[in-house]
Amino acid sequence: LWYKKNKQWGEALAVLGEMRTAGAKPSIVSFNSVLDACGKARQLKVAFELLDQVAHEGLAADTVTYTSLIDACGKAQQLERAFSVLAQMRAVGVRPNSFTYNALIDACAKAAEVNRAFEVLRQMELEGIAPNTTTYTALIDACGRAGLLDQAFALFARMRHACVEPNLITYNALIHACANAGATDAAFQVWNHLRNDGQTKP
């Protein structure tokens, strides 16, 4: 999988070069696609170089650009840089959306910074952006990594109360939270709940 991701970002970067060679000016959509591939391959240095190239081409980075960068920072365990990207996008007047905040919460989870993950949640709600399945899943993952099983279950209950449907990734995050806390019985209860929800076959 690692090789596949690295191959993809290299190929994406090559296509960008071929476009320039052919005299075609890459669009922001093209840059965003390459940036996303670099982020998935944890090529953070290249991702930030692409942001510089966007400006050099006279293009305006958009929400997708900055969200991809935040996601790349999270995958590279560079949480402070992720928050810096958020500050940068705000400074140039680009508004974050649910994808942006979800990427930042996920970055907090990967860095085991559960308190900061909840701060991001509060900020997105203050801006009128409702948490969705991805949001709750990332928060449950953050709690699980921090050994906060009660909070993970409280989040699960909160999302169901808000009529936000969990998916298979949500259940996996909750099961991992149980496993991390050594709560084997609770993990089996979650598994049974998952089966009853029809998200997997018995």
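**Entry 1: the term and the model**

I take a salt bridge to be a side-chain nitrogen of Lys or Arg within 4 Å of a carboxyl oxygen of Asp or Glu. I note that the model is predicted, that local features need pLDDT of at least 70 and side-chain atom pairs pLDDT 80 or more, while totals for chains, interfaces and linings use all residues. Residues are numbered from 1 along each chain as its sequence is written, and side-chain values use heavy atoms, with hydrogens and water left out.

**Entry 2: the overall fold**

I looked up the secondary structure and found 11 helices and 0 strands in the protein. Here helices (H or I, at least four residues) and strands (E, at least two) are DSSP runs, numbered from the N terminus. In sequence order the pattern reads α-α-α-α-α-α-α-α-α-α-α. The C-alpha trace spans about 60 × 35 × 25 Å along its principal axes.

I then looked up burial, which is judged by relative accessible area: under 20% is buried, over 50% is exposed, and partly exposed lies in between (1.4 Å probe, protein chains only). Of the 202 residues in the protein, 45% are buried.

**Entry 3: salt bridges**

How many salt bridges does the rule give? I record a count of 8 salt bridges. In general, side chains of opposite charge can pair when their charged atoms come close.

Glu125 and Arg158 form a salt bridge, with their closest N and O atoms 2.7 Å apart. This pair links distant parts of the chain, since Glu125 is in helix α7 and Arg158 is in helix α9 (residues 149-161), 33 residues apart. Glu125 is partly exposed at 33% relative accessible area, and Arg158 is partly exposed at 34%.

Glu127 meets Arg90 in a salt bridge of 2.9 Å, N to O. Glu127 lies in the loop between α7 and α8 (133-145) and Arg90 in helix α5, so this pair ties together parts that are 37 residues apart in sequence. Glu127 counts as partly exposed, at 29% relative accessibility. Arg90 is partly exposed too, with a relative accessible area of 37%.

Arg116 and Glu80 also meet through their side chains in a salt bridge (2.5 Å, N to O). Distant parts of the chain are again linked: Arg116 is in helix α7 (residues 114-126) and Glu80 is in helix α5 (residues 79-91), 36 residues apart.

**Entry 4: charges and rings**

I next looked for charges over aromatic rings, where NZ of Lys or CZ of Arg must be within 6 Å of the ring centre and within 35 degrees of the ring normal. Which ring does Arg116 lie over? Arg116 lies over the face of Phe83, 4.2 Å from the ring centre. I had already noted Arg116 as a salt-bridge partner of Glu80. The charged end of Arg81 sits over the ring of Phe48, at 4.0 Å from its centre.

Axes are lines fitted to C-alpha atoms, for helices over the stretch in contact, and angles run from 0 to 180 degrees between N-to-C directions. The axes of α8 and α9 come within 8 Å and cross at roughly 165°. The two helices are therefore roughly antiparallel (under 35 degrees is roughly parallel, over 145 roughly antiparallel, 65 to 115 roughly perpendicular, the rest oblique). The crossing of α8 and α9 is left-handed, that is, the near helix is turned anticlockwise from the far one by less than a right angle, clockwise being right-handed.

The axes of α9 and helix α10 (residues 168-180) come within 9 Å and cross at roughly 155°. That makes α9 roughly antiparallel to α10. The crossing of α9 and α10 is left-handed.

**Entry 5: single residues**

Is Phe31 buried or exposed? I find Phe31 in helix α2 (residues 28-40), and Phe31 is buried, with a relative accessible area of 1%. Phe31 and Ala61 are 30 residues apart in sequence, and their C-alpha atoms are 9.1 Å apart in space.

Ile129 is in the loop between α7 and α8 and counts as buried at 16% relative accessibility. The C-alpha atoms of Ile129 and Thr65 are separated by 19 Å, the residues being 64 apart along the chain.

Lastly, I looked up backbone angles. Arg42 is not a glycine, yet Arg42 has a positive phi of about 60°. Arg42 is placed in the loop between α2 and α3 (44-56) and is partly exposed at 48%. Gln77, likewise not a glycine, has a positive phi of about 60°, and its place is in the loop between α4 (63-75) and α5.
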